[in-house]
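Open the model in your viewer and keep the selection panel at hand. We will go from stop to stop.

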Amino acid sequence: MNRLAADMLNRLSFLFNNSAVKTLNRICQHITMKKTAIILSVFLLELGAYSASAQPVNALKINEIVVHNEDGLMDDWGKRSGWVEIFNSSYATVNIGGCYLTTDVSQPKMYPIPKGDVLTVIAPRQHTLFWADGKPLRGTFHVNFTLDSVKYIALFSTDGRTLIDSVATPQNMPVDKSYGRIIDGSSTWAIFEKTTPSTNNALLDSNAANQRFEKYDPIGTAMTITAMSVVFIVLILLYLFFRALGKTATRMSAAKVEVTTGGAKGAASGEMYAAIAFAMHQYQVDLSIVESNVLTINKVAKAYSPWSSKIYGLRQAPDRKK
Amino acid sequence: MDILQFLGSNLQQFLSYTAFSHMTFGHIMMILVGLFFIYLAIKYEFEPMLLIPIGFGILVGNIAFKDGLQVGIYEEGSVLNYLYFGVLKGVYPPLIFLGIGAMTDFSALISNPKLMLIGAAAQMGIFGAYIVALFFGFPPNEAAAIGIIGGADGPTAIFLSSRLAPHLMGAVAISAYSYMALVPVIQPPIMRLLTTRRERLIRMKPPRAVSHLEKVLFPIIGMLLTCLIVPSGLPLLGMLFFGNLLKESGVTRRLAETARGPMIDIVTILIGLTVGASTQASTFLSTTSIKIFALGAASFIVATVAGVGFVKIFNLLLKEGNKINPLIGNSGVSAVPDSARVSQIVGLEYDKTNHLLMHAMGPNVAGVIGSAVAAGVLLGFFS
């Protein structure tokens with residue numbers, strides 16, 4: 001049992017390069033431990049080892065592509081080549097390491113993105129760039145194909161079978177133009193005059209209002225005054241309208257009362273009507289004979305139901321005549 | 001031994017699928033928060049209709065899982081993700097407003113329309129928080145999404161933050177609903193502090209009877225006036241007034257009953273659960289969320305001060321006999337009907353026969369309109 005535990009710990013240390021696992025492994029090899037303690041250790045180590053591995057790779061999107069890069073962005077080797085931008089559309093960190101990029105659906109494992117590189121971890125709503133220069137030895141982000149004549153780019157999950165995202169590239173892509181999603185992660189694609197590597201595709205539009213307010217209203221007073229004025233104007237207009245309407249309604253009801261009462265003064269108040277009605281009610285209650293121990297039996301009405309309907313029923317329920 | 005190794009590897013694989021192997025300290029913290037919400041709702045009945053779904057949603061959202069199972073709220077294609085779509089794209093808030101419109105009686109407001117102005121003044125809470133959020137270093141669009149907490153209206157807060165700063169929506173929504181539940185705790189001390197004993201005893205005229213015509217005209221004129229000026233508030237205001245017309249027209253009773261009954265219940269369940277589930281520890285637990293909670297508290301305080309203060313100033317312009325009891329000033333925040341209930345309770349503390357509830361409902365529903373208008377203005381500026 002101890003050997004089994006040690007073996008499992010070995011596997012864990014290989015898989016996760018966890019120093020705590022290795023340390024415990026050594027301890028396990030030299031010290032005889034009780035079975036329960038070993039199982040508990042394995043369990044606890046599992047907790048630690050797997051805690052950082054929950055990542056929704058399905059949220060990754062191919063976001064922007066440049067096929068012909070002649071005067072655009074240069075890579076870390078000072079060279080220009082086509083590139084593919086991947087966007088993490090989720091609000092959680094995602095590690096793209098272990099996924100596959102390909103230009104051929106029949107070869108989904110064309111470029112395996114190396115595991116274990118800290119740079120493959122993409123922060124929430126952030127981007128990463130892969131250079132399609134056909135020179136994978138230049139680093140993690142240099143793939144083993146180029147985009148010159150490809151019609152299709154796809155990103156496959158770590159199992160090499162599950163398609164995460166794919167895009168058909170337009171034919172005859174113009175030089176130094178990119179093909180990307182209008183808004184990061186959206187389903188609408190367009191050709192951009194200006195490329196936006198590693199930034200939001202709708203950068204200029206989305207930040208325009210922010211930039212304006214940051215420049216002209218850094219404290220927020222202009223916004224406060226403007227917005228509060230609008231709120232007050234709207235509600236003042238409502239107030240004025242309904243004040244006028246209320247006055248008209250009151251006048252009309254007063255006129256109606258005058259007609260019905262022949263202009264008798266003081267009869268217009270609703271409260272007075274209520275008082276009169278209540279007094280009359282009290283008077284009628286006083287007139288009636290007060291009896292105690294009176295049993296009242298309500299007549300029980302037969303509620304309609306299609307189950308007892310004479311129209312739909314096959315048999316009519318016998319109704320005893322009295 | 002081979003069989004033992006096989007069993008060991010199986011156990012290892014099984015453990016990798018259990019939530020225990022993915023749980024972090026943050027997840028446990030959030031689960032405790034969810035349990036606390038449920039406790040508050042059941043034990044103290046603080047907004048149970050909201051805190052139970054949200055609290056349980058927090059539990060659901062913080063069960064850690066292995067990637068690829070398509071169960072998480074942020075995983076495309078998962079059931080929770082489909083339900084969350086209604087929050088993310090602002091579908092649920094207008095439906096809730098439809099229900100609110102169908103259940104709200106605007107008679108108190110129509111009979112004494114000057115109370116609308118209190119509802120406008122209390123929106124100062126939104127912009128007070130906006131200014132402080134800018135001071136804290138938030139960009140203007142995020143500051144606006146945070147400021148809307150001061151409107152004390154959950155659906156409006158969700159609607160605006162989903163449009164302006166979706167990454168903050170969970171924190172904004174939780175903050176808004178938490179402080180709405182805490183209205184009976186936050187507001188009374190401020191109301192007592194800002195009013196004199198004489199002011200608290202002011203008796204207001206009983207509201208006059210409102211005719212059917214006025215009630216029917218209110219949603220029509222209200223929609224036209226507000227939406228012509230602030231079209232960006234159309235999803236909320238349009239649905240609010242539409243719901244009210246269903247109620248007041250007198251000929252669409254069935255539609256009104258559905259809107260204010262089963263429909264709003266369904267949407268409340270969905271919005272509560274998904275907003276709660278969106279608070280996954282990995283995205284929710286951050287200093288930003290703590291700042292948002294602090295700003296939310298500040299916005300409620302500013303809103304209450306603005307409402308009560310406005311009534312005191314307004315009273316200087318009103319004749320004796322027409323004066324407004326400043327204890328209804330707090331109701332300008334749109335936490336319907338909790339803030340109106342607070343006015344009633346605090347009013348009764350000083351005069352057992354002075355019932356302020358009906359008067360307080362006026363600014364309370366005006367606050368709903370005011371916060372929706374404010375949200376429309378912010379949306380217009382930043383979208």
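Select chain B and chain A together: 59 residues of chain B are in contact with 53 residues of chain A (contact means heavy atoms within 4.5 Å). About 5000 Å² is buried between the two chains, and carbon and sulfur atoms give 76% of that. Buried area is the accessible area (1.4 Å probe) that two parts lose on being put together, summed over both. Now pick Gln12(B), Asp67(B) and Phe381(B): in chain B they lose the most area to chain A, together 12% of what that side buries.

This is a predicted model: local features need pLDDT of at least 70, side-chain atom pairs count only at pLDDT 80 or more, and totals for chains, interfaces and linings use all residues. Side-chain values use heavy atoms, with hydrogens and water left out, residues are numbered from 1 along each chain as its sequence is written, and chains are lettered from A and ligands numbered from 1 in the order in which they are written.

Next, salt bridges (a side-chain nitrogen of Lys or Arg within 4 Å of a carboxyl oxygen of Asp or Glu). Across the interface of chain B and chain A there are zero. Over all chains the structure holds eight. Zoom to one of them: Glu199(B) and Lys312(B), 2.8 Å from N to O. Glu199(B) sits in helix H13 (residues 197-200) and Lys312(B) in helix H18 (residues 287-317), both of chain B, so the pair ties together parts 113 residues apart in sequence. Helices are DSSP runs (H or I, at least four residues), numbered from the N terminus.

Note on methods. Helix = DSSP H or I, 4+ residues; strand = E, 2+ residues; numbered from the N terminus.
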